[in-house]
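Please keep the sequence and the model in view while reading.

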Amino acid sequence: MFDKILIANRGEIAVRVARACRELGLRTVAVYSEADRESMAVRLADEAICIGPAAAKHSYLNAAAVLTAARITGADAVHPGYGFLSESPDFADACRTAGVTLIGPPADVMAELGDKQSARTLMAKAGLPLLPGSLDALEPDDAHALAEEIGYPVIVKAAAGGGGRGMRIVRDSAEFPEAYRETRATARMLFGDSRVYVEKYLERARHVEIQVLCDGHGAGIHLGERDCSVQRRHQKLIEESPAPHMPDGLAARMGRAAVEGVLAAGYVGAGTVEFLVDHAGNYYFMEVNCRIQVEHPVTEMVTGIDLVAEQIRIAAGLRLGYAQDQVVSRGAALECRVNAENPAAGFAPTPACIATFMPPGGPFVRVDTHAYTGYSVPPNYDSLLAKVIVWSPDRDGAIARMRRALAEFEIDGERLHTTREFLMSVLDHADFRSGNHSTALVAEIIDDTVRNND
């Protein structure tokens with residue numbers, strides 16, 4: 001096992017990793033930018049070291065600064081959390097060269113699965129179903145011809161994209177050329193890679209993902225599914241497990257396919273295989289996330305398995321602590337992401353000082369957060385303030401518990417707005433309560449609100 005782990009991240013995931021390390025008896029190093037000097041992760045870690053100014057590119061995205069911090073502090077492993085350097089093959093290679101273990105998959109696996117086109121090709125060879133589309137980058141005329149062939153709507157995606165960025169839905173032939181050019185330009189700007197591809201877009205589909213764990217000895221398991229269909233602009237807001245109204249046996253089939261796919265790629269660590277599920281119960285591979293997910297607590301609540309601890313054990317060379325038949329899901333769990341955003345202003349971020357922060361409690365309520373009373377939300381990073389996670393024996397009970405938890409969650413401050421009340425409106429929506437919602441739900445709620453205000 002490791003002696004000291006450097007946490008190459010910030011916010012709630014840095015706090016989450018620090019707590020897992022403490023329970024494993026491991027020492028921790030928190031790296032922080034000048035904007036995060038008073039962060040909770042800095043307070044909880046055994047050591048802390050500043051790696052640069054507020055701008056992420058000069059701190060949390062600065063691989064040289066992170067590895068210098070690891071060398072100075074004597075850390076023998078790095079946990080990258082999610083975002084920032086967590087899916088960077090170059091950083092994984094740099095860690096190997098520096099003699100530091102990255103808690104994540106090997107660089108070559110990360111590179112192959114992080115590229116959406118090569119991931120689609122690999123998963124197709126492993127037998128996973130794909131939506132109609134291209135496996136290779138296409139020039140504009142060929143891409144347009146393919147869109148005509150598979151039928152609209154289609155979605156144009158950046159091959160190197162991620163996090164819901166670098167994609168655009170196209171609903172008719174006339175708008176395709178401009179959409180293709182704009183997506184290509186966006187991909188070049190965001191990812192330094194202008195390759196894009198085209199695939200069929202499913203209206204009112206469900207976004208269902210499978211959590212996997214693979215060790216370095218060739219073994220892999222899945223820990224069930226999470227429904228992440230409540231999204232705004234491809235950004236997840238609410239996640240749950242199990243996914244409601246799944247046809248009998250579908251989740252198990254998806255789980256087996258996910259494990260076969262990642263093992264074929266040589267995957268090691270915790271990862272997520274994402275699928276779209278249509279109204280007929282057909283499922284289609286989308287992508288692999290080579291890191292811990294924001295919504296991992298949902299799976300932890302229903303399985304009782306600490307995913308961050310398992311990541312660390314696997315990276316240390318240990319075998320999986322569970323066989324597939326030992327993974328048992330019980331009850332239902334929900335997670336709501338409470339962001340410092342103003343829904344009435346198009347969900348614009350509202351960085352501000354928190355005057356009151358009183359998170360909810362009670363039976364089977366978990367709050368993962370880095371915020372506290374007096375904490376100033378910086379404008380430089382993601383607006384996530386807290387994740388509220390609840391468990392109940394059934395889905396109706398989980399919804400009721402989540403609504404109660406959000407209702408008693410007190411967060412306020414001058415100029416501070418949050419998504420708490422908007423999340424409650426989603427929980428109250430008939431389509432969500434019935435489990436018949438899709439990725440279109442949030443857009444429909446926003447449209448209804450605008451019409452009612454007019």
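The model is a predicted one.

**Helix packing**

Helix α4 covers residues 89–98 and helix α5 covers residues 107–114; their axes lie 8 Å apart, at an angle of about 180°. Because angles over 145 degrees count as roughly antiparallel, α4 is roughly antiparallel to α5. On the α4 side the contact consists of P89, A92 and D93, and on the α5 side of A107, M110 and A111. By class, the residues of this contact comprise 5 nonpolar, no polar and 1 charged.

Helix α5 also packs against helix α6, which runs over residues 116–125. Here the axes are 5 Å apart and the angle is about 95°, so that α5 is roughly perpendicular to α6. The residues of α5 that take part are A111, E112, L113 and G114, while α6 contributes K116, S118, A119, L122 and M123. This contact contains 5 nonpolar, 2 polar and 2 charged residues. A111 of α5 takes part in the contact with α4 and also in the contact with α6.

A further pair is formed by helix α12, residues 395–408, and helix α13, residues 420–428. Their axes come within 10 Å and cross at roughly 160°; the two helices are therefore roughly antiparallel to each other. The crossing of α12 past α13 is left-handed. From α12, the residues I399, M402, R403, L406 and A407 meet R420, L423, M424, L427 and D428 of α13. The contact holds 7 nonpolar, no polar and 3 charged residues.

| α4 and α5 | 8 Å apart | about 180° | 5 nonpolar, no polar, 1 charged |

Most residues other than glycine have a negative phi, and most peptide bonds are trans. Several places in the model depart from this pattern.

A cis peptide bond links Y152 to P153, with omega about 5°. P153 is situated in the loop that connects α7 (140–150) with β6 (154–162). Another cis peptide bond links S241 to P242, and its omega is about 0°. The position of P242 is in the loop between β11 (235–241) and α9 (250–264).

Positive phi values occur as well. R233, which is not a glycine, has a phi of about 50°. R233 belongs to the loop between β10 (220–232) and β11, and with a relative accessible area of 65% R233 is exposed. F364 likewise has a positive phi, near 60°. The loop that holds F364 runs between β17 (356–358) and β18 (365–369), and F364 is partly exposed, at a relative accessible area of 48%.

**Cysteines**

How many disulfides does the structure hold? The number is 0. For C228, which is in no disulfide, the nearest cysteine sulfur belongs to C336 and is 12 Å away. C336 is in no disulfide either, and the nearest cysteine sulfur to C336 is that of C228. C228 is buried, with a relative accessible area of 0%. C336 is also buried, with a relative accessible area of 0%.

**R16 and D306**

R16 is part of helix α1, residues 11–23. R16 is buried, with a relative accessible area of 10%. Sequence neighbours within four places set aside, R16 is in contact with H296, E300, D306, L307, V308, R366 and D368.

D306, one of these partners, is placed in the loop between α10 (296–303) and α11 (307–315). Is D306 buried, partly exposed or exposed? Its relative accessibility is 24%, and D306 therefore counts as partly exposed. Beyond neighbours within four places in sequence, D306 is in contact with R16, E23 and E300. D306 and H296 are 10 residues apart in sequence, and their C-alpha atoms are 9.2 Å apart in space.

Terms used: Residues numbered from 1 in each chain as written. Predicted model: local features only at pLDDT ≥ 70, side-chain atom pairs only at ≥ 80, totals over all residues. Heavy atoms only, no water. Axes fitted to C-alpha atoms, helices over the stretch in contact; angles between N-to-C directions. Helix = DSSP H or I, 4+ residues; strand = E, 2+ residues; numbered from the N terminus. Parallel < 35°, antiparallel > 145°, perpendicular 65-115°, else oblique. Left-handed = near helix turned anticlockwise from the far one by under 90°. Contact = heavy atoms within 4.5 Å. Nonpolar A, V, L, I, M, F, W, Y, C, P; charged D, E, K, R; others polar. Disulfide = S-S within 2.5 Å. Buried < 20%, exposed > 50% of the residue type's maximum accessible area, 1.4 Å probe, protein only.
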